[in-house]
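Colleague: Thanks for sitting down with me over this one. Could you show me the sequence and structure, and then we can go through them together?

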Number of protein chains: 2
Amino acid sequence: MNPNTEHLYPVILAGGVGSRLWPRSRKSSPKQFLDLTGNKRSMLQEAFDRVQPLTSTDHIYVITNVEYIDIVRTQVPDLPAANVVGEPAARGSAAAIGLAAIHLQQRDPDAVMAVLTADHLIRKPATLRQVLAAGVELAQSGTLITLGIEPSYAETGYGYIEMGEALGEYNHRIARKVVRFREKPDAATAQQYVQAGNFVWNSGMFIWRVDAIMAEFARQMPELYAALQGLAPALHTAQAESAFERYWIPLQGTPSIDYGVMEGARSASVFPVDLGWNDIGSWAALLEVLPKDDDGNVAHAQHLHYDSTNILVFSEKRTIATVGLRDMIIVDTDDVILVMPANRAQDVKQLLVEFKKRSLFRFLD
Amino acid sequence: MNPNTEHLYPVILAGGVGSRLWPRSRKSSPKQFLDLTGNKRSMLQEAFDRVQPLTSTDHIYVITNVEYIDIVRTQVPDLPAANVVGEPAARGSAAAIGLAAIHLQQRDPDAVMAVLTADHLIRKPATLRQVLAAGVELAQSGTLITLGIEPSYAETGYGYIEMGEALGEYNHRIARKVVRFREKPDAATAQQYVQAGNFVWNSGMFIWRVDAIMAEFARQMPELYAALQGLAPALHTAQAESAFERYWIPLQGTPSIDYGVMEGARSASVFPVDLGWNDIGSWAALLEVLPKDDDGNVAHAQHLHYDSTNILVFSEKRTIATVGLRDMIIVDTDDVILVMPANRAQDVKQLLVEFKKRSLFRFLD
């Protein structure tokens, strides 16, 4: 164990529903519990594997919906049961982080919390570990730290962070002051950001001292803070369920961590970093990111084709045959087969609206 | 029963393998035994239904591969067992027709044989019956009659028949002399044929007296004729199997009925006719021919889509979901799913070459 990470607690957020990767990702088994990269480890398992070398296993927490607790325990059996924290209902990222924070507060007054995602691809895990260790150092000042992804193109689907002056070097990484958080830009603005050079993507990964984030909750999100104060004494007691009922359930509509805390934080810092990161926000992202075979296709299935290229094929059981196809996504599951051009992959959500309209919930759950 | 059809024997050729409609059509259950139009009757059953009002059921013959005899008996249980004639191996259309002819010769010296296809769509069955009755009259002269399909566009995949003078009217249908049979033309030639107005498609359906076709076999295809003469006495006897071994198996390479007989026939006639005919030579043909739903799709499956049109979807068990698709074929079976643009449907045969290369015969059989 790296000595300067002894107070580090990686907190993996794993409560998402991953609807953009339907039909493989379903409510009963969303994206983070699937092996989407073909390496026989789920995205959650990969998130665990990435931080496991950095700390002792009992420092790693997973926050998820109570529905998924059994899946998490099965997929990460090394994790102590108490480290799998269930939310009885999704109340946004700030609430999930707050819930983790009160667990850590009770355990270690010097806890440094690294908020990590379970459903993003990170192809440079050693870099992640290096920057997390850097974050532990910087976090001692009380600043709230974001990991900022160096943008490779003018994406309009992410928030951006405008970076200012350098704050110094921590574990061989340069930290910078956050000038401002910027919401998802239009195409022209995104282009400006990328050209300017001092903008990074907001990755949704953070590092901070637990006392620092709790102080910001108290200052900026007093309702959430009060709820967490109500919940804290009931954790690990027979009163937990009724406390969640009383304090957690009413948190509907609580702002996200970005809106609720980061944008107005007294001190916010950023490590710009190239993690080989991708949020796999659609099937098209997987087609782009995964290694291609000799014919330029990504086939997680037996794929036989004549003159097909840039095809993503997913099937556990059946052979997929294609003729003369280009830029296409084909996802086969037991009950439904999805076919769409790669450039329409964002419209899966429109399709799910159709399913809901017809009450075909069996294909969604 | 129409009195002038008492010597009519419809002979349905049902030995094809239908590889262009793979993966639904397989060696073990080819095209003619499938319900491709969604009306719960196979193409063979529809072929039987079309001629059944014209004659007594025991006049109807089906020629097929011995492998398919059980399927034929199951699908057309009304047919007497002796009317299902098995070929131990496919030896082309002339040989199949010859085999039917020797059966009929033994039964009725005045037999008129109507050669029909089991794997084509005919949306005007009453017109077919009318022209078959007309053919029985005209056939008495000893002429070999083809049903010629009035071309709706300049197809290059069919043979054409150049028609000459009218021979008269038979059962309200005009018959014409055949000037010449023309092989599959190039695009420019096909265009000329269609513009000329006196060309029809060769449908592969014929009417003739059995003695007339046997005489042409004797004159133009003496090897086939000799083999048939060898086979005839053995039919329905214990020697049938060894006779087929001796006379039938060596017929490999025997020309088709078009090349072997029709092109050189002493007398050939044609009824030009609009039968609502389609040979369903590809999945694209089905997309074109079958009625479309409100969104312009042909769905023989539960099809849920967002912004998809001109899609053909076939699945017995699964729901097909599509987003932003155009002009696409999706065929789902238990072990394989085929996806291709409609305009590439002819290339299914190239795909099957790939399967054979890899010895994946389980997907073909």
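This is a predicted model: local features need pLDDT of at least 70, side-chain atom pairs count only at pLDDT 80 or more; totals for chains, interfaces and linings use all residues.

Colleague: Good to know. Which domains does the assignment give for chain A?

Modeller: The centres of domain 1 and domain 2 of chain A, taken over C-alpha atoms, are separated by 30 Å. As for the bounds in chain A, the assignment gives domain 1 (3-278) and domain 2 (283-363).

Colleague: And how many residues of domain 1 of chain A are in contact with domain 2 of chain A?

Modeller: Two residues are in contact here if their C-beta atoms, placed from the backbone, lie within 7 Å. The side of domain 1 of chain A that touches domain 2 of chain A has five nonpolar, four polar and two charged residues; Ala, Val, Leu, Ile, Met, Phe, Trp, Tyr, Cys and Pro count as nonpolar, Asp, Glu, Lys and Arg as charged, and the others, Gly among them, as polar. Domain 2 of chain A brings 15 residues to this contact, and the number from domain 1 of chain A is eleven.

Colleague: Let's pick a residue in domain 1. Is Ile207(A) buried or exposed?

Modeller: Ile207(A) is found in strand E9 (residues 199-209) of chain A; helices (H or I, at least four residues) and strands (E, at least two) are DSSP runs, numbered from the N terminus. Leaving out residues up to four places away in sequence, Ile207(A) touches Val112(A), Ala114(A), Leu132(A), Gly135(A), Val136(A), Ala139(A) and Ile145(A). A residue is buried if 20 or more other C-beta atoms lie within 10 Å of its own, exposed if 12 or fewer, and partly exposed in between, with C-beta atoms placed from the backbone. Because Ile207(A) has 28 C-beta neighbours inside 10 Å, it counts as buried.

Colleague: What about Arg41(A): how many other C-beta atoms lie within 10 Å?

Modeller: Arg41(A) sits in the loop between strand E1 (8-13) and helix H1 (43-51) of chain A. Its contacts, leaving aside neighbours within four places in sequence, are Asp35(A), Glu46(A) and Asp49(A). Arg41(A) is partly exposed because the count of other C-beta atoms within 10 Å is 14.

Colleague: Over in chain B, which residue of E2(B) is the bridge partner of Leu13(B)?

Modeller: Two strands pair if DSSP finds at least two bridges between them. Strand E1 (residues 8-13) of chain B and E2(B) pair in the parallel sense over three bridges. Strand E2 (residues 61-65) of chain B is mostly covered, with five of its five residues buried. The partner of Leu13(B) in E2(B) is Ile63(B).

Colleague: And which residue in E3(B) is the bridge partner of Asn65(B)?

Modeller: E2(B) and strand E3 (residues 84-87) of chain B run parallel, joined by four bridges. Asn65(B) has as its bridge partner in E3(B) the residue Glu87(B).

Colleague: How many residues does chain A give to the contact with chain B?

Modeller: By class, the side of chain A that touches chain B has 18 nonpolar, four polar and six charged residues. Chain B gives 28 residues, and for chain A the number is 28.

Colleague: Last one: which residue of E15(B) stands opposite Ala321(A)?

Modeller: E13(A) runs parallel to strand E15 (residues 336-341) of chain B, with four bridges joining them. In E15(B), Thr319(A) has Val336(B) as its bridge partner. Opposite Ala321(A) stands Leu338(B).

Technical notes:
Residues are numbered from 1 along each chain as its sequence is written. Chains are lettered from A and ligands numbered from 1 in the order in which they are written. Domain bounds come from an automatic or database domain assignment.
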